[in-house]
Amino acid sequence: MIVGIDIGSTTTKAVAVETAQGFPVIRKIKTRAADAVTSATGAFGKMIVENNIRMTDIERIMITGAGAGSLKNDLFGIATEKVDEIQAVGIGGMFLAGKENIIITNIGTGTAIIDARRDSIRHLGGTGVGGGTIQGLAKKLLPTSDFNSIMALAETGNLNQVDLRLEDIMESDISFLNKESTASNFGKMLDSARSGDIALGILNMVYQVIGMLSVFAAKSRNTDRVVVTGNGSDNSIGKAVLSVITGMHQVHFEYPKDAAYTTAIGAALSR
Ligand SMILES: Nc1ncnc2c1ncn2[C@@H]1O[C@H](COP(=O)(O)OP(=O)(O)OP(=O)(O)O)[C@@H](O)[C@H]1O
Ligand SMILES: [Mg+2]
């Protein structure tokens, strides 16, 4: 059995992959702690205990993510190895999507866009706009920074209160944009805007930025498929924003199961 640990900038994910039967069985754990070592050992320990895994069955521990540098030695007597985070996202994304030659948009605290092929995994770029942006802006602009509460607020929101839309500034559609398209995120910001409107405006902005960067990345690689991973891939409003982008640009977004664990799974499957 191989354990993959992804010490992300916000959450730590651990998976156990059993390769003996030829197809990996994946057990997953997600934790959050103040420092990298505590969250990594915590996630590892929780997974061992909850799944009745014997330490002697673990061949090695593959570590990746922003905090990977903090774990320098063996962990509880088991050999550890570092895996480059971009490689891990690429390998995990191809595994979960069940195919090669894909663009992966990993929405974590920030967002990375990766071109993943069987023989080369390349970081195309990304944006600091991601899950951290949603929570950071929420902290000052909304009465809550709890994710479920942000989502509940946004469900009640009206984008017309915060975004400047095409219909606000012109009479007709412009190329493939319709009158409801955003001309400027938060470019209107009416005094009457309520928390729900602002919550929706934040989510809309974050996923529009990520979606459009993904479109340009996909087009630059002559593909029309983007696999979305990371904790930010599981967001109903985000998915709705991305589907509007699909309608305009014919680039399709896919959401594999267990996508929050992509990087940890990729680390475990590296080598
Ligand atoms: N349903 C959700 N939709 C969007 N974002 C979410 C959701 N749930 C949590 N988040 C955000 O996801 C981020 C954490 O995601 P993830 O665990 O994939 O990132 P990370 O690996 O810690 O960060 P990074 O990969 O950028 O170093 C947090 O910023 C959190 O606010
Ligand atoms: Mg991550």
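Modeller: Contact here means heavy atoms within 4.5 Å. The model is predicted.

Biologist: By that criterion, how many residues of domain 2 are in contact with domain 1?
Modeller: The domain assignment gives domain 1 as 2–98 + 261–269 and domain 2 as 105–255. Domain 1 brings 14 residues to the contact. From domain 2, the number is 14.

Biologist: What separates the centres of domain 1 and domain 2?
Modeller: The centres are taken over C-alpha atoms. For domain 1 and domain 2, the separation is 29 Å.

Biologist: What area is buried between domain 1 and domain 2, and which residues of domain 1 lose the most?
Modeller: The buried area is about 1000 Å². Carbon and sulfur atoms give 60% of that area. On the domain 1 side, three residues together account for 41% of what is buried there. They are Ile86, Val89 and Met94.

Biologist: Are helices α2 and α8 roughly parallel or roughly perpendicular?
Modeller: Helix α2 covers residues 85–97 and helix α8 covers residues 262–269. Their axes come within 7 Å and cross at roughly 95°. Angles of 65 to 115 degrees count as roughly perpendicular. So α2 and α8 are roughly perpendicular.

Biologist: Which residues of α8 meet α2?
Modeller: The α2 side includes Glu85, Val89, Ile91 and Phe95. By class, the contact of α2 with α8 has 8 nonpolar, 5 polar and 1 charged residues. On α8, the residues are Thr262, Thr263, Ile265, Gly266, Ala267 and Leu269.

Biologist: How do α4 and α6 lie, roughly parallel or roughly perpendicular?
Modeller: Helix α4 spans residues 147–155. The axes of α4 and α6 come within 7 Å and cross at roughly 110°. The two helices are therefore roughly perpendicular.

Biologist: How many charged residues does the contact of α4 with α6 have?
Modeller: Ile150, Met151, Leu153 and Ala154 of α4 make the contact. Their partners in α6 are Ser195, Gly196, Ala199, Leu200 and Leu203. The classes are 7 nonpolar and 2 polar, and the charged count is none.

Biologist: Why is α6 oblique to α7?
Modeller: Helix α6 (residues 195–220) and helix α7 (residues 236–249) have axes 9 Å apart. Roughly parallel would need an angle under 35 degrees. Here α6 is oblique to α7 because the packing angle is about 40°.

Biologist: Is the crossing of α6 and α7 left-handed or right-handed?
Modeller: Residues in the α6 contact with α7 include Leu200, Tyr207, Met212 and Lys219. They meet α7 residues, among them Ile237, Val241 and Ile245. The contact has 9 nonpolar, 5 polar and 1 charged residues. The crossing of α6 and α7 is right-handed.

Note on methods: Residues numbered from 1 in each chain as written. Chains lettered and ligands numbered in written order. Predicted model: local features only at pLDDT ≥ 70, side-chain atom pairs only at ≥ 80, totals over all residues. Heavy atoms only, no water. Axes fitted to C-alpha atoms, helices over the stretch in contact; angles between N-to-C directions. Helix = DSSP H or I, 4+ residues; strand = E, 2+ residues; numbered from the N terminus. Parallel < 35°, antiparallel > 145°, perpendicular 65-115°, else oblique. Left-handed = near helix turned anticlockwise from the far one by under 90°. Nonpolar A, V, L, I, M, F, W, Y, C, P; charged D, E, K, R; others polar. Domains from an automatic or database assignment. Buried area = accessible area lost by both parts, 1.4 Å probe.
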